[in-house]
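Good morning, and thank you for coming.

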Amino acid sequence: MWQAVQLGVEPSDVSDLSDFCNELFASLGRSDQRRWAEVYVRGLLTVPGRKSIRRISEQVVGRDADQSLQQFVNQSPWDWNQVRRSLAEQVAQAMRPRAWVVREVVFPKNGGSSVGVARQYAPVAGRMLNCQRAIGVFLAGDHGSTPVNWRLVLPKAWDDDAERRVRSRLPEQERSKPTWQYLLDLFDETIGDWGMPAAPVVVDLSSDPGAFPLLGGLEERRLPYLAQVSAAMPALPVNIVGSAGGGRTIGELVAAAAKRGRTKLSWRDEKTGELVGSDFVVTAMPGHTGPVAGPHGRGLPRVRHVLAEWPVGHARPRSVWLTNLGATGVREMVGLLRARAQVEVDVNRLTEEVGLRHFEGRSFQGWHHHVTLVSAAHGFHLMRELERQGFTEERLRPYA
């Protein structure tokens with residue numbers, strides 16, 4: 001069919017790629033779609049530098065097939081959700097997922113024609129950019145992570161721009177939403193519709209004013225969470241008054257708790273082998289111990305705590321987190337922080353080596369196809385690494 005070119009990745013690393021793709025893309029209805037899906041994934045893994053459609057076509061197929069490959073990525077009507085679900089199931093079988101880690105990814109762009117592009121504030125970059133913003137949900141374990149589901153965050157300006165919506169083939173139901181609503185939609189699909197087992201959700205809300213709506217939504221869905229927030233965030237939502245929390249910030253709660261004592265934990269950095277550690281402080285959130293509405297109107301218990309990581313010798317915490325995991329699960333929460341750190345490593349690999357930001361099209365469908373195929377390439381690499389390192393016997397660990 002075609003011959004992989006020895007570029008960027010050793011041939012042995014992709015020797016069983018066809019078997020992986022046969023299972024992953026079984027939902028694609030036509031054989032030519034499955035064939036081009038494998039070509040694209042193979043190119044993402046083996047072509048060095050920029051993963052353009054032309055370069056993938058030339059170096060993987062060995063002939064001028066860029067129009068066919070471009071049509072597959074940008075116009076062919078295949079369902080990316082079925083592929084993502086299959087990827088999530090394969091990754092979950094290959095490793096022990098510790099968490100669902102949410103990560104914003106920014107796609108810098110020139111001009112304003114690509115779907116969802118606008119000059120906007122990108123929290124992960126900490127500045128205004130002309131870009132697309134996306135949210136990825138990563139299935140993360142102790143030895144790696146893979147994004148398995150995505151949402152493109154639409155700026156408000158795209159809601160009523162009929163011309164750009166038509167050009168980018170943006171579906172009518174796709175509208176700008178608060179970030180917390182995108183996230184709840186993602187978990188309703190990934191855990192609810194797909195039936196993936198729940199694990200703690202790790203999310204950075206330090207620049208997002210929608211923390212409380214998201215946390216309430218996760219609690220309604222009985223999902224444990226660890227959410228990074230700003231130390232300047234009020235300890236209570238503005239609509240809750242007259243409680244013991246008063247007008248204090250979360251940072252002030254943490255400072256008061258630190259005076260009563262800290263817990264020191266150490267662990268070995270997997271990459272450097274060095275022993276590292278921090279102090280941790282856990283304290284209850286005032287006004288967050290009552291019931292929360294659950295399925296069918298049943299009340300569920302709600303207990304929120306604050307976790308702060310306090311590097312030894314530092315005057316202030318490095319990060320502050322809200323959680324419903326309880327005050328006694330500090331070691332588990334530190335493990336979740338390490339899973340989040342692993343996602344940061346993998347995001348760098350996705351953008352620098354696997355071509356996440358290399359999509360050249362402008363359509364909504366093409367963007368979703370591209371990020372799905374990049375996720376597949378990264379997932380294949382992760383599973384081969386787990387096998388090489390002897391972690392293939394790990395299985396999914398359920399969470400209560």
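I start with the second largest pocket: the largest share of its lining, 4 residues, comes from β1. Helices (H or I, at least four residues) and strands (E, at least two) are DSSP runs, numbered from the N terminus. This is a predicted model, in which local features need pLDDT of at least 70 and side-chain atom pairs count only at pLDDT 80 or more, while totals for chains, interfaces and linings use all residues. Residues are numbered from 1 along each chain as its sequence is written, and side-chain values use heavy atoms, with hydrogens and water left out.

How is empty space found? Rolling a probe the size of a water molecule over the atoms shows where empty space is left. A pocket here is an open set of points on a 1 Å grid over the protein atoms alone, where a 1.4 Å probe fits, with protein on both sides within 12 Å along at least five of seven lines; lining residues have an atom within 4 Å of a point.

The second largest pocket has a volume of about 480 Å³, a volume being the space filled by probe spheres set on the points, which are joined across faces, edges and corners. It is lined by 23 residues, and the closest to its centre are Glu 104, Pro 123, Val 124, Arg 133 and Asp 204. At least two lining residues each come from β1 (97–108), β3 (127–141), α7, β5 (201–204) and α10 (330–352). By class, 11 lining residues are nonpolar, 4 polar and 8 charged.

I turn now to helix α7. Two packed helices are described by the angle between their axes and the distance between the axes. For α7 and α8 (residues 211–220), the angle is about 20° and the axes lie 9 Å apart. These two helices are therefore roughly parallel, a term for angles under 35 degrees.

Next comes the loop between α6 (162–167) and α7 (179–193), where Pro 178 is found. Pro 178 is partly exposed, because its relative accessibility is 41%; the term covers values between buried (under 20%) and exposed (over 50%), with a 1.4 Å probe and protein chains only.

Arg 169 also belongs to the loop between α6 and α7, and at 38% relative accessible area it is partly exposed. Most residues other than glycine have a negative phi. Arg 169, however, has a positive phi of about 50°. Arg 222 has a positive phi of about 60°, and is found in the loop between α8 and β6 (225–229).

Note on methods:
Nonpolar A, V, L, I, M, F, W, Y, C, P; charged D, E, K, R; others polar. Axes fitted to C-alpha atoms, helices over the stretch in contact; angles between N-to-C directions. Parallel < 35°, antiparallel > 145°, perpendicular 65-115°, else oblique.
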